[in-house]
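Subject: A structure for you to look at

Hello,

I am passing on a structure that you have not seen before, along with some notes on what turned up in it. Please have a look at it first and then read on.

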Amino acid sequence: MENAEMFWNASQDELKQGYIEDENQYICLLCGTAVQKGIVYPDDGVLYEAKRYMRIHIETAHSSVFEYLIDLDKKLTGLTDHQNRLLRLFYQGKNDAEVQEETGIGSASTIRNHRFVLKEKERQAKLFLAMMELLKDKDQHAPAFVPLHHKARMVDDRYNVTKDEETAILKKYFRNDSMDALKTFPPKEKQRLIILQQLTNHFDNDRKYEEKEINTILAAVYDDHVLLRRYLIEYGFLDRKPDGSQYWLKK
C-alpha cells in the first residue's frame, strides 16, 4: 500500500494541502491520483496547470482535506464522536450559540469550554509530534511497521505488524514471489491483514469493477474468492454499491 506509506510519512503542511510534490508530479495523499507537471488539464471547459488541477481534484473527489480526515476512523483521529461533531460544525463556520442550538448541549459557554479542550488537545499534539521527531534521531531500535491503511476498520493490535513480519507472512502464504497464488487463507487476524493488503495490488486504483470481474481476479489467486471478497470489504480495502453491482478500492 504505497499510498498509505506516503500518507503517514507526509509532513503537517503536506497533509493540510492534501498532496505531495516530487520532481515530476503532484500526488494526492488521499487516493494516490497523480498529476504530471508540465501538462495542462481541462476541467469544465477551463484549462489548468498541474498544481491547480490537483487542488480541483481534491475538491471534486474528496470535498476537502478536512472532510476526508474527519471521516476517518476514530482510532486514527483520536476524536470522540462528540468532538468529531463539534469540529464539523466549527468548520462550517458556526458560532458558539449556533453550535449550542444545533447540538442541544448546555449553553454557549459550554461550547466555548469545548473549544478550549480542543485547543489543549492541539497543544499536546504539537508537543508529542516534536518529541517523536526528536526521538527518531536517538532510537536506534525502533522497528519499521507496516503503514496503516487510512480507511482501515477495526483498528487494534492486529495492525501491530513490522516490515520483517510482513515479509515472513507473504513468503509463508503465497506460492511464489509474484504473489499471484495463495496457498491458504491464514487463521490469524494479523496474517489476514497482510494478505488482504497484498491482494489490493491486483486492482486499479481508479477503476470500478463488476462483481463478476472481482470474482475472476480473486479466483485466480485463491479457490474461495467469496471469502477473500468478504474480508477485503470487512477490512476497508474494498467498497461496493449496496446491490453489489460495482466494487472499487476504497480511498
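Does Arg 158 count as buried or exposed? At 15% relative accessibility, Arg 158 counts as buried, because the cut-off for buried is under 20%. Please keep in mind as you read that this is a predicted model.

Arg 158 also has a charged partner. Its side chain meets that of Glu 189 in a salt bridge, at 3.3 Å from N to O. The two residues come from distant parts of the chain: Arg 158 sits in the loop between α8 and α9, while Glu 189 belongs to helix α10, and 31 residues separate them. Glu 189 has a relative accessibility of 30%, so it counts as partly exposed.

Lys 190 is partly exposed, its relative accessible area being 29%.

As a general point, side chains of opposite charge can pair when their charged atoms come close. The count of salt bridges here comes to 16. One of them lies within a helix: Glu 234 and Arg 230 are both in helix α12 (residues 225-234), 4 residues apart, which is about one turn of the helix. Their side chains meet at 3.9 Å, N to O. Both residues are partly exposed, Glu 234 at 31% relative accessibility and Arg 230 with a relative accessible area of 45%. There is also a network, in which salt bridges that share partners join Lys 119, Glu 122 and Lys 126. Over the protein chain there are 38 positive and 42 negative charges, and their mean positions are 4 Å apart.

Now for the nonpolar side of things. The largest nonpolar core has 54 residues, and those touching the most other members are Phe 174, Leu 182, Phe 185, Ile 195, Leu 196, Leu 199 and Leu 232. Apart from this core lies another, of 6 residues, including Leu 89, Phe 90, Ile 111 and Leu 118.

Which residues does Trp 8 contact, leaving aside its neighbours within four places in sequence? They are Leu 76, Pro 147, Leu 148 and His 150. Trp 8 is found in helix α1 (residues 2-9), and at 37% relative accessibility it counts as partly exposed. Trp 8 and Pro 147 are 139 residues apart in sequence, yet their C-alpha atoms are 7.1 Å apart in space.

Finally, the overall picture. The protein chain has 12 helices and 7 strands, and its C-alpha trace spans about 60 × 50 × 45 Å along its principal axes. Of its 251 residues, 37% are buried. The accessible surface comes to about 15,200 Å², and carbon and sulfur atoms account for 50% of that. Among contacts between residues at least 6 apart in sequence, 48% join residues at least 24 apart.

Enjoy looking around!

Best wishes

Terms used:
Residues are numbered from 1 along each chain as its sequence is written. This is a predicted model: local features need pLDDT of at least 70, side-chain atom pairs count only at pLDDT 80 or more; totals for chains, interfaces and linings use all residues. Side-chain values use heavy atoms; hydrogens and water are left out. A nonpolar core is a set of buried Ala, Val, Leu, Ile, Met, Phe, Trp, Tyr and Cys residues joined through side-chain atoms within 4.5 Å. Buried means under 20% relative accessible area, exposed over 50%, partly exposed in between (1.4 Å probe, protein chains only). Contact means heavy atoms within 4.5 Å. Accessible areas come from the Shrake-Rupley method with a 1.4 Å probe; for residues, only the protein chains shown count as cover. Lys and Arg count as positive and Asp and Glu as negative; His and the chain ends are not counted. The place of a charge is taken as NZ of Lys, CZ of Arg, CG of Asp or CD of Glu. A salt bridge is a side-chain nitrogen of Lys or Arg within 4 Å of a carboxyl oxygen of Asp or Glu.
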